[in-house]
Amino acid sequence: GILFKEAMGDNIVTQNYATLIELPESRKAKKPIFTELEIKKIEKASQDGDTWANTILILIYTGMRVGELLTLTKFNVDMENMIITGGIKTDAGKDRAVPIHGKIKEYVKYWYDRPCSYLIDRNSQKISVDYYRSSIFYPALDRLEMERKDRKIGRASCRERV
């Protein structure tokens, strides 16, 4: 930046070799989204009492990342105004107001009414992202016979539809 320009101006360096470097175009891998049919399967499982399937619906309908959802406490949830305040990844996403969609209201309320201070918990304990992915998210998809191409052992994306 500025220091390099000063060095060029003072003839300390005579050429900017960085301008000769050609980098390949950066392509961010596209993450698969849930299809409408898959969402309907998850909704059916949730209606049939699969509480972990309903956490997937909460992810889908809020657009939150797994880590964002798992760090929410009940102080982040306003059931009266149907808003979740959360977000952790970027400045634009921090503390944003996320409306609670009507399709997930009963599931958010189910988790909200539990005795733990975190919104989503397991045995009144906070859930780690890796545990959620490996022991909750992918097993729930397996029960529903849904295969994800982005599946990796221990690390995977589950921000499929937002």
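First, the ground rules. This is a predicted model, where local features need pLDDT of at least 70 and side-chain atom pairs count only at pLDDT 80 or more, while totals for chains, interfaces and linings use all residues. Residues are numbered from 1 along each chain as its sequence is written, and side-chain values use heavy atoms, with hydrogens and water left out.

Start with helix 3, residues 51–62. Helices are DSSP runs (H or I, at least four residues) and strands are E runs of at least two, numbered from the N terminus. Nine of its 12 residues are buried, so helix 3 is largely enclosed by the rest of the structure. Buried means under 20% relative accessible area, with a 1.4 Å probe and protein chains only. Among the buried ones are Asn 54, Ile 56 and Ile 58.

Now the ends. Asp 50 caps the N-terminal end, with a side-chain oxygen 3.1 Å from the backbone nitrogen of Trp 52. Just after the helix, Gly 63 takes a positive phi of about 75 degrees.

Next, the core. Which residues touch the most other members of the largest nonpolar core? Phe 34, Ile 42, Ile 56, Ile 58, Ile 120 and Tyr 132, out of 35. Such a core is a set of buried Ala, Val, Leu, Ile, Met, Phe, Trp, Tyr and Cys residues joined through side-chain atoms within 4.5 Å.

Last, the sheet. Three strands form an open sheet, order 1-2-3, with antiparallel pairing. Strands pair if DSSP finds at least two bridges between them. Val 77 has Ile 84 in strand 2 as its bridge partner.

Definitions and conventions
The expected span of a helix is 1.5 Å times one less than its number of residues. Buried means under 20% relative accessible area, exposed over 50%, partly exposed in between (1.4 Å probe, protein chains only). A polar contact is a pair of N or O atoms within 3.5 Å; within protein, one must be able to donate a hydrogen and the other to accept it, and residues adjacent in sequence count only if both atoms are side-chain atoms.
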